[in-house]
Amino acid sequence: MQDRLFRALVWLRVVLIVNAVTLNIYRYDNFHHPYLGTGIVAVMVVWTVFATWAYAAPSRRVPALLCADLLITLAALISSPLVKGETFNASVPGFWVAAALIAWAIHWQFVGGLVAAALVSACDLLIRDGVSQTNYGNVFLLMIAAPIVGYLCGSLQRMAAERAAAEHAAAVEQERARLARAVHDGVLQVLALVQRKGAEIGGEGAELGRLAGDQEQALRSLIRQQDALVEETVAAETDLVAELEKLGTRRPPRVQVATPGEAIRLPAHVTSELTDAVKACLDNVARHVGEEAPAWVLLEDMGGSVIVTVRDEGPGIPEGRLDSASSEGRLGVSASIKGRLEDLGGRADLFTAPDQGVEWELSVPSGRPLASGP
Amino acid sequence: MDEPIRVMIVDDHPMWRDAVERDLAAAGLKVVAVAANGSEALARFPATRPQVIVLDLQIPAPNGVEVTAEVVRQDPSARILILSASGEQQDVLDAVKAGATGYLVKSASKEELIDAVHRVARGDTVFTPGLAGLVLGEYRRMLDGGGNDDRPRLTERETEVLRLVAKGLSYKQIADRLVLSHRTVQNHVQNTLRKLQLHNRVELTRYAIEQGLDEE
């Protein structure tokens, strides 16, 4: 960032020196000592060329260079009464002093701008026989502008540093994610292998295998959730796919989740209510079918609505049991699931038959356009 | 008895490769080659002519999806069974579109793996409920996407069958529920994949032609 500011300063230096030389030629008659005056302008030109070269490399921007820059500027300024007499109007360097000022402001920022401006102002006031309104105005502007330029240079450099740090952090994060994927894959492989071998060994091995299987499922689900996390932008909407994938880590029962693979964004309360309804269905499976019973969750995006199906392979609910339960005033779980879905403007349907398991179909309007296809 | 099924195993984890090889050999299958990465797989495939490739998707380049596409291009009769640990959904879907006809997660039991290899070798498709959900989603996305009218579409029956697979029913359970033969259910599932793969090939060809025309 400093490099860019100093590169910009080169152009300013050129403009300032051309301006200073032109004005001094134009006002050549004001010189009481023309040779001395010409000599000082020549030194300014040489110094401008040298400074342009010297400031170009960061390694050469030592305090000595900046001090020399300011000292030469001050010397040129102080020479004005010698060259032009006590009652001179315009100083020899004129606006050329800005080059050293801004160099200080870039390098030492607010403090640099302030110190350099104070020194230049002090010299400017000291060499004059009287302080006019214009002199005061120039000094005032100098004292205000130089620290502000210094402050802005500091802010720019800080922002550039912050941006570089953020870019670095993002690159590190990406690399970490890449490594994590490789590690996850390795861990998944080992867990799957333990699960497989454990089942073959039997006994305690089978128990180990079962544990490895649970962890494998948990890690797999976690990875999918992380993938979904990247797209999380609008807080008011959450991804139903990611929420349901989390259920894959759940025990009991042993849940398998199938989704369309791409995020389905719904208002946050719809997502959480629907997810809770699915959890209630799964709790039911664990209670009535068994803790080790398998259950399946299928999420489908129908365009205008989403459908979640929760299925088990338990004994099912004998005909009439639900009706008798509700007529006896025991509304229970199924009523609460239906209630939740109705509150969302959707519906919950229960399909069951003896020995055919139970299948809940929960559907909610998604407020998205229907499929455009004919 | 018929000739043993010729299998190639592609996996960058040696212990997995060994475990799968042992299990398949013990079940009377003939492991004709193993490979640790995509380039080994593509080099050994033409020399050993396996009928079934048991393929891990997360392998050093070229990856599982690219290997699938290249193998099917060289020999459309080769069958690919994806055996993946990570279950990265887009990769699985891409591999299936590229021509794989089976997908198992690595936690599947030895019996499930051997059964899957036999079924894939017979030309059957082996789906997990998760893959069926992805394929259903893919068809719906194509329907939503607008554009070409040659997009593949599922028949009502195919949708019905695929949904039941996604809900975890076995082919036999589906056959019982819909009063169909096991073979018919199998055909419906196969059709859903075949249309997707055909569409994928057409799209790739169209893309290639467009690129070619643009260059002129």
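Predicted model: local features only at pLDDT ≥ 70, side-chain atom pairs only at ≥ 80, totals over all residues.
Residues are numbered from 1 along each chain as its sequence is written, chains are lettered from A and ligands numbered from 1 in the order of writing, and side-chain values use heavy atoms, with hydrogens and water left out.

Chain B contains nine helices and five strands, where helices (H or I, at least four residues) and strands (E, at least two) are DSSP runs numbered from the N terminus. The strands form an open sheet in the order E2-E1-E3-E4-E5 (chain B), with parallel pairing; two strands are taken to pair if DSSP finds at least two bridges between them. Strand E2 (30-35) and strand E5 (102-105) of chain B each have a single partner strand and stand at the edges, so one side of each lacks a neighbour in the sheet. From one strand to the next, the twist averages 20°; axes are lines fitted to C-alpha atoms, for helices over the stretch in contact, and angles run from 0 to 180 degrees between N-to-C directions.

Helix H5 (residues 110-122) of chain B lies across strand E1 (6-10), strand E3 (52-55), E4 and E5 of chain B, and runs at about 155° to E4(B).

Of the 216 residues of chain B, 53% count as buried, a class defined by under 20% relative accessible area, with exposed set at over 50% and partly exposed in between (1.4 Å probe, protein chains only). Chain B exposes about 9600 Å², of which carbon and sulfur atoms supply 51%; these areas come from the Shrake-Rupley method with a 1.4 Å probe, and for residues only the protein chains shown count as cover. Among contacts (heavy atoms within 4.5 Å) between residues of chain B at least 6 apart in sequence, 65% join residues at least 24 apart.

Grid points are joined across faces, edges and corners, and a volume is the space filled by probe spheres set on the points. The count comes to two cavities of 30 Å³ or more, and about 40 Å³ of space lies in the largest cavity. Its lining includes Ile9(B), Asp11(B), Trp16(B), Asp56(B), Leu83(B) and Lys106(B). At least two lining residues come from each of E1, helix H1 (14-26) and E3 of chain B, and H1(B) gives the most, with three residues.

Helix H4 (residues 89-98) of chain B is largely enclosed by the rest of the structure, because seven of its 10 residues are buried. Among them are Val92(B), Leu93(B), Val96(B) and Lys97(B). H4(B) is followed by Gly99(B), which has a positive phi near 130°.

Several backbone features lie in loops. Most residues other than glycine have a negative phi, and most peptide bonds are trans. A cis peptide bond, with omega about -10°, joins Ala61(B) and Pro62(B); Pro62(B) is placed in the loop between E3 and helix H3 (64-74) of chain B. Arg49(B), in the loop between helix H2 (38-48) and E3 of chain B, has a positive phi near 50° and is partly exposed at 39% relative accessibility. Val179(B), in the loop between helix H8 (171-178) and helix H9 (182-215) of chain B, has a positive phi of about 55° and is exposed at 72% relative accessibility.

Thr125(B), in the loop between H5 and helix H6 (129-144) of chain B, has 1% relative accessibility and counts as buried. Beyond its neighbours within four places in sequence, Thr125(B) is in contact with residues including Thr101(B), Arg119(B), Tyr171(B) and Gln190(B). Leu196(B), in helix H9 of chain B, is likewise buried at 1% relative accessibility. With neighbours within four places in sequence left aside, the contacts of Leu196(B) are Lys97(B), Val135(B), Glu138(B), Tyr139(B) and Met142(B).

Definitions and conventions. 1 Å grid on protein atoms, 1.4 Å probe; cavity = no way out; pocket = protein on both sides within 12 Å on 5 of 7 lines; lining within 4 Å.
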